Amino acid sequence: YSAALRAVAAALEPAGDEGISSRRFQAACHALAAQAHERLREYPEAIARAERALQLQPKLLAARLAKALAKQQSGHILEAEEELMSILQSNPQHGQARLQLAYCKMVSSNLPRAAAILEGLLASKAPLPRSQLGCAKAYLALALAQQRRERAVNLAKEAVLVHRNLQTVWHGIQSSRLGGREAVQRLRGICDLDLNVNQANELLQLLSAENQALR
């Protein structure tokens, strides 16, 4: 992500930020920078870059999504939800927006609503990238963990099968026989799977469960 930021800076540099003729190009660069800052957990910078992109191209989905995710990660859940709901009003089947909205509901402890959104997303067979499909399965597992434990365990294991970074980290945890805080930290370090401490601990328990339905 740091390399992506350098590439964006280089792309904007030749004529200066305001000198490039294509506002669309500038907006795309700022949106990419917003995404990179968000993944680096530099949330104020992510929001600032997203807002700059939206000044140039107000309906740019990538910038709106990056802004919503940065807002959510920095604790502004209601603002994040408002942005995501606005996106979904005009793009009701947008997979990433639905996924992020479900995660917002999880963070605010509205697990039934989060589960309903995720069930609908998975049932729709929307064309999601593998990482987002894996996130959807992992988040649904967490949302169902207390009420439907067996299904939650199965979903967690399905998430490992499709989410490559989760798969790599989980195999590393298993091979090193890690547990407790260190394993939780490894799970939280996955760049494209957002987990707080409690969620990472719950996912660890689900993946470690003896009922390994997907052996």
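These legends walk through close-up views of a predicted model.

Local features are described where pLDDT is at least 70, side-chain atom pairs count only at pLDDT 80 or more, and totals for chains, interfaces and linings use all residues. Residues are numbered from 1 along each chain as its sequence is written, and side-chain values use heavy atoms, with hydrogens and water left out.

**View 1. The largest pocket holds about 500 Å³ of space.** A pocket here is an open set of points on a 1 Å grid over the protein atoms alone, where a 1.4 Å probe fits, with protein on both sides within 12 Å along at least five of seven lines. Grid points are joined across faces, edges and corners, and the volume is the space filled by probe spheres set on them. The lining, meaning residues with an atom within 4 Å of a point, comprises 22 residues. If you want to find the centre, look for Glu 38, Arg 39, Leu 69, Gln 96 and Gln 100, which lie nearest to it. At least two lining residues come from each of α2 (23-39), α4 (61-73), α6 (95-107) and α8 (130-144), and α2 gives the largest share, with five. Helices are DSSP runs (H or I, at least four residues), numbered from the N terminus. By class, the lining has 13 nonpolar, five polar and four charged residues. Nonpolar covers Ala, Val, Leu, Ile, Met, Phe, Trp, Tyr, Cys and Pro; charged covers Asp, Glu, Lys and Arg; the others, Gly among them, are polar.

**View 2. Helices α2 and α4 pack at an angle of about 25°, with their axes 9 Å apart.** Axes are lines fitted to C-alpha atoms over the stretch in contact, and angles run from 0 to 180 degrees between N-to-C directions. The two helices are therefore roughly parallel to each other, a label for angles under 35 degrees. The crossing of α2 past α4 is left-handed, that is, the near helix is turned anticlockwise from the far one by less than a right angle. On the α2 side, Ala 31, Ala 34, Gln 35, Glu 38 and Arg 39 make the contact (heavy atoms within 4.5 Å). Their partners in α4 are Ala 62, Ala 63, Ala 66, Leu 69, Ala 70 and Gln 73. Seven residues of this contact are nonpolar, two polar and two charged.

**View 3. Helices α8 and α9 (residues 149-162) pack at about 160°, with axes 8 Å apart.** α8 and α9 are therefore roughly antiparallel, the term for angles over 145 degrees. α8 makes a left-handed crossing with α9. Among the contact residues are Leu 133, Ala 141 and Leu 144 of α8 and Leu 155, Ala 159 and Val 162 of α9. The contact has eleven nonpolar residues, one polar and five charged.

**View 4. Helices α11 (residues 180-188) and α12 (residues 197-208) meet at about 110°, with axes 9 Å apart.** That makes α11 roughly perpendicular to α12, as angles of 65 to 115 degrees are called. Gly 180, Ala 183, Val 184, Leu 187 and Arg 188 of α11 face Val 197, Ala 200, Asn 201 and Leu 204 of α12 in the contact.

**View 5. Arg 41 and Ser 109 are residues other than glycine with positive phi.** Arg 41, in the loop between α2 and α3 (43-56), has phi near 65°. Ser 109, in the loop between α6 and α7 (111-123), has phi near 70°.
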